[in-house]
Amino acid sequence: MSRRILGVLGGMGPEASAYFYTLITKLTKAKKDQDHISMIIYSEPTIPDRTKAFLGKGPSPVSAMIKAIKLLEQSGAHVIAIPCNSAHYWINELKNNTNTRIIDMIEEFSKDVKQLNYKKLGLLATTTTVQSKLYEKYLQQHNIQIILPQNQEQIMQAIYQIKAGKIKRARKTLIKAAKELQQKGAQAIIAG
């Protein structure tokens with residue numbers, strides 16, 4: 001039997017994709033190179049901005065994501081991961097346009113976090129992720145409440161700063177927001 005290959009639809013943002021690859025590598029119990037997961041990473045940073053599309057202020061990213069998924073399929077991917085929370089707003093549309101399994105990372109997260117017995121989680125995420133209630137959809141099933149920061153616009157600006165490489169400026173905003181969420185009772189923070 002040939003090895004199964006993980007396809008990664010990346011580039012939304014590129015650092016998230018790089019972090020995802022690093023995380024998989026670090027978490028794989030391998031004694032040698034050959035023990036690691038076979039992966040095809042397609043980083044396509046030209047996929048339209050998911051938040052602008054969600055808000056009706058930009059083109060839909062769906063056709064570009066489907067094109068990238070088809071490329072991963074043709075390259076031999078058996079399963080596909082998308083390390084972008086906002087992209088999961090369109091997960092059903094993406095799944096309907098492929099025969100390859102796409103992992104819903106938010107659904108998988110909710111299964112794992114359920115085991116930790118948290119009741120309240122803070123969420124620092126894009127406007128798309130927050131307004132579409134991507135996490136609530138799954139976490140409500142486990143009686144886990146999502147707590148949001150007071151100023152979502154500041155969080156969105158911090159996310160855009162991170163994408164622009166302005167980490168120090170964004171960090172201050174996000175740390176302040178995380179402390180606010182802790183004061184509201186968050187037992188952990190989702191960096192979505």
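Me: Two strands count as paired if DSSP finds at least two bridges between them. What is the strand order of the open sheet?

Reply: This is a predicted model, in which local features need pLDDT of at least 70, side-chain atom pairs count only at pLDDT 80 or more, and totals for chains, interfaces and linings use all residues. Residues are numbered from 1 along each chain as its sequence is written, and side-chain values use heavy atoms, without hydrogens and water. Helices (H or I, at least four residues) and strands (E, at least two) are DSSP runs, numbered from the N terminus. The four strands pair in parallel, in the order β2-β1-β3-β4.

Me: Which strands stand at the edges?

Reply: An edge strand here has a single partner, so one of its sides is left without a neighbour in the sheet. The two edge strands are β2 and β4 (101–102).

Me: Which residue of β2 is the bridge partner of Ile-5?

Reply: β1 (residues 5–10) and β2 (residues 38–43) run parallel and are joined by six bridges. In β2, Ile-5 is partnered by Ser-38.

Me: Why is α8 roughly antiparallel to α9?

Reply: Axes are lines fitted to C-alpha atoms, for helices over the stretch in contact (heavy atoms within 4.5 Å), and angles run from 0 to 180 degrees between N-to-C directions. α8 (residues 152–163) packs against α9 (residues 167–183) with the axes 8 Å apart. Angles over 145 degrees count as roughly antiparallel, so α8 and α9 qualify with their angle of about 150°.

Note on methods:
Parallel < 35°, antiparallel > 145°, perpendicular 65-115°, else oblique.
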